[in-house]
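Please have the structure open while I talk.

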Amino acid sequence: MLTRSVEVFALITLLTVAGCQSAPAVEVTEDATAPAVEVDRKSAALFDAALEAIATAKYRDAEVLLTELTAREPRLSGPWVNLGMVQDELNNVEGAKASFKHAIEANPSNCVAYTELGLLARRSGDFLTAEANYLACLAQVPDFREAHLNLGILYELYLGRLSDALDAYRSYLSLRDGDDRRVKGWAADIERRLALVAES
C-alpha cells in the first residue's frame, strides 16, 4: 500500500488555496525556504481526491488526478513526487523517473525526489547513479535522514564499502538521536567486521 505518498505531501509543499481561510497542507519544501504558492479550489479538490485515491489503493485513479494536478500546477514539487510514487506502484518506472525529475526542477531541495530516484536506480542495478542521487540530496539538505540511511545500505550491501556504510549509518543515527535499534545493530556489526579485518 502506498502510504508513503500520503506522507510526502505533508513533507514537501505548503499549498495555499486562494480565497480559503483554512488551506490544506499540500507541500512544504525540505529546506523550508520556498514560499507558499496560491492555487485555486480546483487544484485543491484534485489534491484531496488524489489523497483519497491513494489511501484506498486506487492508484490508476490517483495517477489521473495527479497528472491533471501537475499539468495545472507544474511549479509544485509535491504532486510530482506523489505522481512518481504512484507510477512506480503501477510499474511505470520511466514515468516515475520523469516525474521525480520534474519535482527536482520545481524544487532543487526536494530530497524525497532524489531519494526515490536513488531507490529506482538501486533496484535496476545502477549503483553509482543511486549514490549520485543520495549525495545530491545531501548536498542540498545535509540532515535528510533517509538519504544517509539509503546511502549506508547501498555502501554495505551493494558496493561493499563498509567504512563508508558505517559513516552513513552513524550520520543517520545522530539525526535520530540513536533511537533506531535496527540500524544501531547494523553499525555494530560493521564495526565488528572492520575490527576483524584490522586484526588479520
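Let me begin with the terms: helices are DSSP runs of H or I with at least four residues, strands are runs of E with at least two, and both are numbered from the N terminus. What we have here is a predicted model, in which local features need a pLDDT of at least 70 and side-chain atom pairs count only at pLDDT 80 or more, while totals for chains, interfaces and linings use all residues. Residues are numbered from 1 along each chain as its sequence is written, and side-chain values use heavy atoms, with hydrogens and water left out.

On that basis the protein chain has 10 helices and two strands, and from the N terminus on the order of elements is α-β-β-α-α-α-α-α-α-α-α-α. If we call a residue buried when its relative accessible area is under 20%, exposed when it is over 50%, and partly exposed in between, using a 1.4 Å probe and protein chains only, then buried residues account for 47% of the 200 residues in the protein chain. With contact meaning heavy atoms within 4.5 Å, of the contacts in the protein chain between residues at least 6 apart in sequence, 47% join residues at least 24 apart.

Now to the helix pairs. The axes are lines fitted to C-alpha atoms, for helices over the stretch in contact, and the angles run from 0 to 180 degrees between N-to-C directions. Angles under 35 degrees count as roughly parallel, over 145 as roughly antiparallel, 65 to 115 as roughly perpendicular, and the rest as oblique.

Helix H3, residues 59-72, packs on helix H4, residues 77-89, at an angle of about 150°, with the axes 9 Å apart, which means that H3 is roughly antiparallel to H4. The residues making this contact include Tyr59 and Leu66 of H3 and Trp80 and Val86 of H4. Taking Ala, Val, Leu, Ile, Met, Phe, Trp, Tyr, Cys and Pro as nonpolar, Asp, Glu, Lys and Arg as charged, and the others, Gly among them, as polar, the contact of H3 with H4 divides into eight nonpolar, four polar and two charged residues.

For H6 and H7 the angle is about 170° and the axes are 7 Å apart, so these two helices are also described as roughly antiparallel. Among the residues that meet are Cys111 and Tyr114 in H6 and Tyr134 and Cys137 in H7, and by class this contact has 10 nonpolar, five polar and one charged residues.

H7 in turn packs with H8 at an angle of about 155°, with axes 9 Å apart, and this pair is therefore roughly antiparallel. Phe127 and Cys137 are among the H7 residues involved, and Leu151 and Tyr158 among those of H8; the classes here are 11 nonpolar, two polar and one charged.

Which cysteines are joined by a disulfide? Counting a pair of cysteine sulfur atoms within 2.5 Å as a disulfide, the bond joins Cys111 to Cys137, with an S to S distance of 2.2 Å. The torsion about the S-S bond is about 110°, so this disulfide is right-handed. Because Cys111 lies in H6, residues 111-123, and Cys137 in H7, residues 127-140, the pair ties together parts that are 26 residues apart in sequence. Cys111 is at 0% relative accessibility and counts as buried, and Cys137, at 0%, counts as buried too.
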